[in-house]
Each structure stands twice: as structure tokens, then as C-alpha cells.
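Here is a short briefing on ring contacts and helix packing. Have a look at the model first, then read on.

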Amino acid sequence: MIAFSMGMIVVTLPMIRSEHAGLFTYFRDFAELDEATRDGALPTARSRFVQVGQMWSCDALFSTAALEAETQVRTRVARACLARAEAILDSVPTMSAAHQARAVALYTLGDTEEAIYAKALSRITGPNEGGLALRRLGFAYQLAEERPFNHGDEADAILILGSAGYRDYLVDYFLYHPDHRDWLVALLQDQSGNADFLQSLRDRLAEDAMQG
């Protein structure tokens, strides 16, 4: 019995170390993601909670800090995110967060067509996840200069509109992307949550005016 227990410890210790590494490199920004990939790979983790957190962290590739980073740094981080996403999808092909991370990484590496397909897979596998819908829509705005919004993007925007926890982010998209305001206004005008969106927009504009 003691021998069996010791054997289990030998087997599980590497798993615990791996999980520990995953938990404590839950990357809050691009700088942390950059630091974690200096050796070329993201830490592995068996916990779905940790895996999803890692995948969401890869959205930092779209942050201002990432866009200002050297090309070789962004490329290294994107490759690490891509490799980790594909490893996760090998065992959990329906993890929508991994499909989205794969989309962001592929786009960063210059494969726009495959990135758009990966984004579509994220929507198919997670059509009602507000946080992912928000990230996909942010990606759609990144693509908007070269690819028009599609029906999936419209579905994500409407889903976000219906979520009190995420609705204010539509105001951000409206304000930060003036060239695409007409698309968002036309899409939302007949939706039941449009009044809430407009009120949030008025509140934000009033707040900005007060701050000078």
C-alpha cells in the first residue's frame, strides 16, 4: 500500500507542478504573456479553468502594448498561443475560447483567412458566451478595414446588447471606431435593448464632457 502511494506521488507531482505553473502565469497583460513565452511555450495545465484563462489571455495580442512591441516579440507570443490552443483543441475540440485564441494568433501571424475560419468555429462552439462574443466582436472590428462585418458578428453584437454585464462595451466600440458607427446603429435600432445602449452612450458622453 505504501509503495502504491509513493508511486502515485511520483506520477502526480509533475502534474501538480504543471498545474501550478499554469495557475500562476494567468497573464493579465501583454507584458506578462511576453515574459511567460520567453522559453517559447506557454505552461501546460490539465484544469479546464486554467486552460480557458490562458486562452483568454491571448487576446492581449490585440492590446496597445502588443501592437507597439517588436515584430519578433509579437510573433513569438502568437506562436506560443497558437501551439497551446491547438494542443488544447486536440483533446477538447469544442473549447470555444481555444478557437478564439487560435484565431487571434493566426491573424497576428498573417493568416487572415484561417483566422476568420477559427473565429467562426469559436462562435459555433460558444454562441451564447457573452465574454467570447465580446472578444469576437473586438476581433471583427480589427478585421473591418479588410473584411466587412458578417452575420456572425451581428449575432455577437446582439448577444452583447442583451447582457447587462457586457453592454457598456458596445459603447466603447461605438466611440473608438467612428468609421463603423453606422453599422452598429443600424443593427441595434430595432433591438429591445437599444434604449439601454443609447442611455449608456448618453451617460458616457455626459461623463466625458464633465471631465473636460
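**Rings and helices in brief**

There are 9 aromatic pairs, counting rings of Phe, Tyr and Trp (its six-membered ring) whose centres lie within 6.5 Å. This is a predicted model, where local features need pLDDT of at least 70, side-chain atom pairs count only at pLDDT 80 or more, and totals for chains, interfaces and linings use all residues. Residues are numbered from 1 along each chain as its sequence is written, and side-chain values use heavy atoms, leaving out hydrogens and water.

**Aromatic pairs**
- Phe174 and Phe197 pair edge-to-face, 6.1 Å centre to centre with 80° between the planes (planes under 30 degrees apart are stacked, over 60 edge-to-face, the rest tilted).
- This pair joins distant parts of the chain, 23 residues apart: Phe174 is in helix α10 (residues 167-176) and Phe197 in helix α12 (residues 194-210); helices are DSSP runs (H or I, at least four residues), numbered from the N terminus.
- Phe174 counts as buried because its relative accessibility is 13%, and Phe197 is buried at 2% (buried is under 20% relative accessible area, with a 1.4 Å probe and protein chains only).
- Tyr141, Phe149, Tyr173 and Trp183 are linked into a cluster by ring pairs.

**Charge over a ring**
- The charged end of Arg181 sits over the Phe174 ring, 5.0 Å from its centre (NZ of Lys or CZ of Arg within 6 Å of the ring centre and within 35 degrees of the ring normal).

**Helix packing**
- Thr112 and Lys119 are among the α7 residues that meet α8 residues including Leu132 and Phe139 (contact means heavy atoms within 4.5 Å).

Definitions and conventions. Helix = DSSP H or I, 4+ residues; strand = E, 2+ residues; numbered from the N terminus. Buried < 20%, exposed > 50% of the residue type's maximum accessible area, 1.4 Å probe, protein only.
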